[in-house]
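I opened my notebook to look up how some parts of this structure sit together. Here are my entries.

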Amino acid sequence: MSRIAVWIVGGLLLAGSPTLWAQTVSEEGERFERTLEENGQRYALIGSGIFTYMIWTAYAGAYYQAEGETDPQPLSDIPRRLELAYFHGIEAEEFADATTETLQKNLTAYEYSQLEADINAFNQRYQDVEPQDRYVLSWDGDTLRLALNGEVLFEGGNAELASAMFGIWLGEQPLGDDFRDALLGR
């Protein structure tokens with residue numbers, strides 16, 4: 001057997017390897033790593049799921065916390081990360097409107113007024129997404145980040161803004177209870 005044939009057969013065997021698949025989870029064909037490192041912080045997967053809006057499968061998501069923090073604490077000050085992989089195009093303005101509407105519903109008027117300038121700054125950084133794009137929202141204990149396909153769009157904020165933003169998906173009144181529960185491994 002030629003060397004090329006050995007590489008091809010070996011590659012096919014490795015691609016089907018249970019070890020490779022055990023390192024990721026799949027949601028509607030989107031793969032999420034079980035552990036990863038970002039900005040010097042190691043994260044472990046807590047849960048993953050699919051968000052459905054009306055009749056559309058909108059996106060797949062995965063929620064991570066600092067490695068070793070296995071009890072879901074999405075609104076705490078521990079480092080955490082939310083990754084969303086989109087199945088449909090969404091305009092930046094729609095993200096900003098949904099963020100504002102959800103935060104106004106989830107926060108008291110006073111809490112919202114205290115964060116309003118930061119929320120507006122955050123909302124201005126959204127960009128349109130196309131199918132297969134990925135947004136990542138992360139809090140490393142000091143800085144809130146929003147990245148699209150690996151490009152950081154927003155850096156800043158504080159622990160209160162981070163908890164408010166994570167609360168959109170993981171709080172008491174999330175966009176979807178089933179999606180929140182899947183992300184939290186319930």
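Predicted model: local features only at pLDDT ≥ 70, side-chain atom pairs only at ≥ 80, totals over all residues.

**Entry one: two helices.** Are H3 and H4 roughly parallel or roughly antiparallel to each other? Then I looked up the axes. Helix H3 covers residues 92–106, and helix H4 covers residues 109–123. Their axes come within 11 Å and cross at roughly 165 degrees. Angles over 145 degrees count as roughly antiparallel. H3 and H4 are therefore roughly antiparallel to each other.

I also checked the hand. The crossing in which H3 passes H4 is right-handed.

Which residues meet? On the H3 side I listed Ala96, Thr99, Thr100, Leu103 and Gln104. They meet Tyr112, Ile119 and Asn123 in H4. I sorted this contact by class: four residues are nonpolar, four are polar and none is charged.

**Entry two: the sheet.** I looked up the strand order next. The sheet is open and has seven strands, in the order S3-S4-S5-S6-S7-S8-S9. The pairing is antiparallel.

Which strands stand at the edges? I found S3 (35–38) and S9 (151–156) there. Each has a single partner strand, so one side of each is left without a neighbour in the sheet.

I picked S4 and S5. Strand S4 spans residues 41–53, and strand S5 spans residues 56–66. How many bridges join S4 to S5? I read off 10 bridges, and the two strands run antiparallel.

Technical notes
Residues numbered from 1 in each chain as written. Heavy atoms only, no water. Axes fitted to C-alpha atoms, helices over the stretch in contact; angles between N-to-C directions. Helix = DSSP H or I, 4+ residues; strand = E, 2+ residues; numbered from the N terminus. Parallel < 35°, antiparallel > 145°, perpendicular 65-115°, else oblique. Left-handed = near helix turned anticlockwise from the far one by under 90°. Contact = heavy atoms within 4.5 Å. Nonpolar A, V, L, I, M, F, W, Y, C, P; charged D, E, K, R; others polar. Pairing = 2+ DSSP bridges.
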